[in-house]
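User: I would like to learn how to read packing in a model. Please take me through the core and the rings.

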Amino acid sequence: MSKTGTIPADAFSLKSPYGRRAIGLSVAAAVGGFLFGFDSSVINGAVDAISGNFELDPVLTGFVVAVALLGCAVGAVLAGGLSDRWGRLKTMMLGAVMFLVSSVGSGLTFSVPDLIIWRVVGGIGIGIASVVAPAYIAEIAPRQIRGGLASLQQLAITLGIFAALLSDAVLANSAGGAAEQLWWGLEAWRWMFLVGIVPAAVYGVLAFTMPESPRYLLAKGRTDEAREIFARLVPEADLDKSVNEIRSAIDADRKSKGASLRGPVLGLQGIVWVGIILSTFQQFVGINVIFYYSTTLWKAVGFDESDSLFISVITSITNVVVTLIAIWLVDRVGRKPILLTGSVLMTLSLATMALAFAFAETVDGEVSLPGAWGPIALVAANLFVVGFGASWGPLVWVLLGEIFPSRIRGKALGVAAGAQWIANFLITVSFPAMSGWSLPITYGMYALFAALSFVYVAWRVPETKGMELEQTETLFTNRKRR
């Protein structure tokens with residue numbers, strides 16, 4: 001075995017050749033996150049036009065917006081098995097094709113059932129990408145920079161949100177409104193979906209050019225191919241050690257093949273519940289209400305459609321910037337302090353929004369915030385995005401890639417991601433009806449979940465910064481025994 005003493009001190013920095021190569025592959029894989037962000041927010045600018053075009057009530061409107069998330073849950077559960085059988089890259093290609101087909105179908109939809117079907121198809125593709133991308137990144141990233149690279153998934157999601165909201169704003173303004181015709185006799189809201197063809201095609205092309213995961217290749221006995229890829233990701237002095245470590249992990253996995261997620265805690269292993277609860281909190285704070293319904297929300301506050309779309313774009317830019325900050329901090333400060341700080345900021349900002357909407361007035365059947373409460377709500381919403389984007393947004397993805405034992409990592413990650421999509425669906429589908437009933441109670445509920453997220457992290461989540469993947473699971477086991 002080669003000695004590791006000759007490895008340069010900065011061999012795994014983001015500026016080293018190995019770090020840059022790992023970044024390049026991680027960025028390419030994270031385009032799947034871009035598709036997720038794009039799909040989740042493209043409906044923002046189209047939802048009012050769709051509701052008016054098909055004469056939907058609030059409950060059905062919420063279902064049309066949220067139904068893609070059920071597909072995402074299915075895709076997330078299927079992804080682990082597919083990627084182990086076909087490889088990471090072929091599974092990525094499948095996700096890209098499904099999203100491309102969904103973009104075309106949604107843009108050319110002729111009825112609500114038709115639109116629902118295409119939204120589900122796209123959701124399955126996005127669910128697949130949401131699991132395969134962080135798994136691929138975790139398998140090619142050196143542990144020294146794994147946190148930053150894993151956070152690229154969330155950065156890509158935020159960029160996808162920004163791209164969707166920006167394209168929505170441009171298309172709606174070009175047509176004079178989302179419901180107005182733009183090109184070839186198609187309304188602007190249809191073009192909002194059709195634009196999704198571009199990132200789907202890019203993701204598919206990138207999947208053709210990326211190397212397969214070395215871990216997958218070793219598992220299939222393709223050692224020479226795996227070594228060739230690893231030679232570009234780690235110094236020569238560390239090559240044999242890295243390959244042998246993965247071989248040992250694969251052998252251990254084979255010995256425990258068929259390992260079950262079942263355990264003594266409500267039918268599952270305790271560590272699986274940690275992943276499920278983190279995923280659920282990430283969604284139950286209501287972040288996607290901002291990115292799915294913000295245009296409708298700001299129109300209710302008193303802004304017109306054009307200004308509402310512009311505000312949504314600014315919010316998405318804020319989300320991108322703070323995610324970059326989180327990526328810079330995650331391997332310096334650690335996971336737990338950032339999560340706790342984010343929980344505090346989210347709780348305060350959501351509570352402020354609940355208070356602001358307690359003073360809402362109804363004028364001609366429309367909700368309006370009097371005096372300074374409109375700007376206060378606007379600032380609070382953006383502070384909420386800052387708190388989420390700099391903490392729970394990227395760091396939950398980091399932890400989901402770290403905390404599970406290797407023998408159940410694929411299955412557990414799929415279950416946790418599936419829980420995330422289901423929680424997202426519940427929040428998204430319920431918001432139109434709940435907001436019509438009481439916005440103060442709605443935002444107050446999100447604030448309560450944000451406060452509970454602080455308690456849970458402080459009580460149950462240990463720090464995993466700078467640890468090998470095999471070490472992180474022992475933290476949770478040891479905490480249980482103490």
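**Core and ring pairs**

Analyst: Start with one residue. This is a predicted model. Leaving aside neighbours within four places in sequence, M92 is in contact with A29, V132, Y136, Y203, A207 and M210.

User: Which residues touch the most other members of the largest nonpolar core?

Analyst: M92 is one of them, along with I50, W392 and Y443. That core holds 145 residues. Helix 1 (residues 17-54) gives the largest share, 16 residues.

User: How is a pair of aromatic rings described?

Analyst: By the distance of the centres and the angle of the planes. The whole structure has 13 aromatic pairs. Take W189 and F193: their centres are 6.3 Å apart, with 90° between the planes, and the pair is edge-to-face.

User: Which parts does the pair of F281 and W392 tie together?

Analyst: First the geometry. The ring centres of F281 and W392 are 6.4 Å apart and the planes meet at 70°, so this pair is edge-to-face. F281 lies in helix 12 (residues 270-284) and W392 in helix 17 (residues 392-400), so the pair joins parts 111 residues apart in sequence.

User: Are F281 and W392 buried or exposed?

Analyst: F281 has 12% relative accessibility, so F281 counts as buried. W392 is at 1% and also counts as buried.

User: Which residues do ring pairs link into a cluster with F281 and W392?

Analyst: Y456 and W459.

Notes: Residues are numbered from 1 along each chain as its sequence is written. This is a predicted model: local features need pLDDT of at least 70, side-chain atom pairs count only at pLDDT 80 or more; totals for chains, interfaces and linings use all residues. Side-chain values use heavy atoms; hydrogens and water are left out. A nonpolar core is a set of buried Ala, Val, Leu, Ile, Met, Phe, Trp, Tyr and Cys residues joined through side-chain atoms within 4.5 Å. Buried means under 20% relative accessible area, exposed over 50%, partly exposed in between (1.4 Å probe, protein chains only). Helices (H or I, at least four residues) and strands (E, at least two) are DSSP runs, numbered from the N terminus. Contact means heavy atoms within 4.5 Å. Rings of Phe, Tyr and Trp (its six-membered ring) pair if their centres lie within 6.5 Å; planes under 30 degrees apart count as stacked, over 60 as edge-to-face and the rest as tilted.
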